[in-house]
Amino acid sequence: MSIAPTAELATAAVFARWIAPRPSLVVMQPDTFCNIDCAAYCYLPLRKRRNRMPVAVARAVATSLADLGPDELGRRQVVEVCWHGGEPLAVGVEAMAELLAPFEQLRTAGLIHHSVQTNATLITDGWCDLFQGYGFSVGVSIDGPADLNARRTDRAGRPAHDRIMGGIGRLRQRGIEFSVIAVVGTDGISRAEDLLDFLAGLGATQIGFNIEEFEGSNTSGQPKPAEARGFWTAAIAWSTTHPGVKIRDLDRLGGYLSTIRAGERAAWEAHRFDPLPTIAFNGDVILLSPELAGIRDEHYGDFVAGNVLEQDLGSIVARAWQLPYVTEFIDGLAACRATCGFFDFCRGATAGNRYFENGTFASTETNYCRVSRQELVNALIDTTRKEEP
């Protein structure tokens with residue numbers, strides 16, 4: 001066998017070790033447009049343009065998911081189909097229903113589940129009917145009370161807070177459960193208790209925090225590691241007095257610790273990254289990070305791995321090891337494993353953060369790692385030490 005094929009086989013084998021062959025989450029972009037303009041930190045480069053997804057793209061994705069078949073153990077994993085944006089509700093109820101139709105046989109068979117991440121400003125009874133009719137999980141993006149949510153504005157610069165709260169109120173009136181994700185910037189990093197009191201008061205089933213990141217078109221300042229440790233320490237303290245409130249980030253750390261304590265380290269270490277295909281409005285498939293959609297780079301190009309109108313999703317993922325940014329990402333994972341004491345928990349820096357912060361996927365530590373993973377662990381260690389007799 002020649003050297004080149006041998007090298008290719010080795011690369012494909014390493015890819016198979018780190019990247020799952022089937023996605024458990026597929027991100028769909030029904031429209032690039034967003035009806036509000038969080039210009040201070042939004043990473044979406046095409047948010048001011050109307051680019052609607054044709055039904056043919058949704059049909060191609062549904063066909064691909066139907067063709068994926070069971071995994072190596074004969075299991076059919078439920079795939080989450082997440083409608084993201086832009087603002088996904090900007091596409092309109094009727095257009096969304098048309099995009100959902102190709103998935104309906106899969107949904108009723110229990111093979112896929114729909115979710116949506118929305119700014120909630122466009123939620124109407126019509127949208128609530130659709131959410132309930134198709135069994136959606138709903139996630140709302142809100143950064144806290146009005147003063148911390150002030151960067152979410154419309155295109156005239158007016159605060160969108162009241163409209164977001166109105167959408168949340170509509171969900172509650174209709175009995176639709178929802179989770180929330182809050183971006184925590186420099187103004188909110190010292191106010192964990194205020195944030196949690198407010199978000200828990202909304203009635204969300206789960207609270208997630210995204211400490212502000214450098215990605216896409218967002219180049220604003222990010223909280224520092226010491227500030228993040230203070231935030232997580234306060235969040236851990238708050239959670240002990242509010243045990244019924246699910247905090248996504250603490251649950252993830254708790255899940256890791258429970259797995260290790262149960263003697264199931266091998267299962268945790270066998271974890272493989274979801275290829276996380278993002279389907280752009282035109283059918284282009286971007287892997288590993290939704291934030292790469294619409295981005296062009298002099299070295300990497302447009303990050304497009306294929307198009308579902310031309311290839312099935314399974315084939316696109318299977319050949320992903322040939323993409324330079326994917327192979328670099330895997331190199332970076334290996335470097336993380338060899339050099340980082342937090343790797344056992346975090347499993348390596350995310351692709352988007354590596355690229356946007358360091359300019360290469362082969363890099364290791366990022367500020368996102370430090371503020372969202374490392375300082376979370378450090379905060380738990382600090383808390384545990386304080387509680388020791």
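Analyst: A residue is called buried when its relative accessible area is under 20%, exposed when over 50% and partly exposed in between, using a 1.4 Å probe and protein chains only. The model is predicted, so local features need pLDDT of at least 70 and side-chain atom pairs count only at pLDDT 80 or more, while totals for chains, interfaces and linings use all residues. Residues are numbered from 1 along each chain as its sequence is written, and side-chain values use heavy atoms, with hydrogens and water left out.

H8 has helix H15 (residues 367-387) as one partner: their axes come within 8 Å and cross at roughly 50 degrees. The axes are lines fitted to C-alpha atoms over the stretch in contact, with angles from 0 to 180 degrees between N-to-C directions. That angle makes H8 oblique to H15 (under 35 degrees is roughly parallel, over 145 roughly antiparallel, 65 to 115 roughly perpendicular, and the rest oblique). On the H8 side, Pro-225, Ala-228, Arg-229, Trp-232, Thr-233 and Ile-236 make the contact (heavy atoms within 4.5 Å). The H15 residues they meet include Asn-367, Arg-370, Val-371, Glu-375, Leu-376, Ala-379, Leu-380 and Asp-382. Sorted by class, this contact has 8 nonpolar, 5 polar and 4 charged residues. Here Ala, Val, Leu, Ile, Met, Phe, Trp, Tyr, Cys and Pro count as nonpolar, Asp, Glu, Lys and Arg as charged, and the others, Gly among them, as polar.

H8 also packs with helix H7 (residues 192-201), at about 45 degrees and with the axes 9 Å apart. So H7 is oblique to H8. From H7 come Ala-192, Glu-193, Leu-195, Leu-196, Asp-197 and Ala-200, and from H8 come Phe-231, Ala-234, Ala-235 and Trp-238. The class count for H7 with H8 is 8 nonpolar, no polar and 2 charged residues.

Staying with H15 for a moment, Gln-374 sits in that helix. With a relative accessible area of 10%, Gln-374 is buried. Leaving aside neighbours within four places in sequence, Gln-374 is in contact with Cys-340, Phe-342, Glu-365 and Cys-369. Leu-196, one of the H7 residues in the contact with H8, is 178 residues from Gln-374 along the chain, and their C-alpha atoms are separated by 21 Å.

Asp-249, Leu-250, Leu-253, Tyr-256 and Thr-259 are buried in H9. The buried residues of H9 pack against strand S6 (207-211), H8, helix H10 (265-269), H13 and H15. After H9 comes Gly-263, with a positive phi near 75 degrees.

Arg-347 is not a glycine, yet its phi is positive, about 65 degrees. Arg-347 counts as buried, at 4% relative accessibility.

Now for the earlier part of the chain. Helix H2 (residues 55-67) has 13 residues and reaches 18 Å from first C-alpha to last, close to the 18 Å expected. Its buried residues are Val-57, Ala-58, Ala-60, Val-61, Ala-62, Ser-64 and Leu-65. Gly-69 follows H2 and has a positive phi, near 70 degrees.

Further along, the peptide bond from Gly-85 to Gly-86 is cis, with omega near 5 degrees. Gly-86 is in the loop between strand S2 (79-83) and H3. Helix H3 (residues 93-100) packs with helix H5 (residues 125-133) at about 15 degrees, with the axes 10 Å apart. That makes H3 roughly parallel to H5. Val-93, Met-96, Ala-97 and Leu-100 of H3 meet Gly-126, Trp-127 and Leu-130 of H5. That contact has 6 nonpolar, 1 polar and no charged residues.

Finally, Ala-120 is in the loop between strand S3 (112-118) and H5. Its phi is positive, near 75 degrees, in a residue other than glycine. Ala-120 counts as buried, with 0% relative accessibility.

How values were computed. Helix = DSSP H or I, 4+ residues; strand = E, 2+ residues; numbered from the N terminus. Expected span 1.5 Å × (residues − 1).
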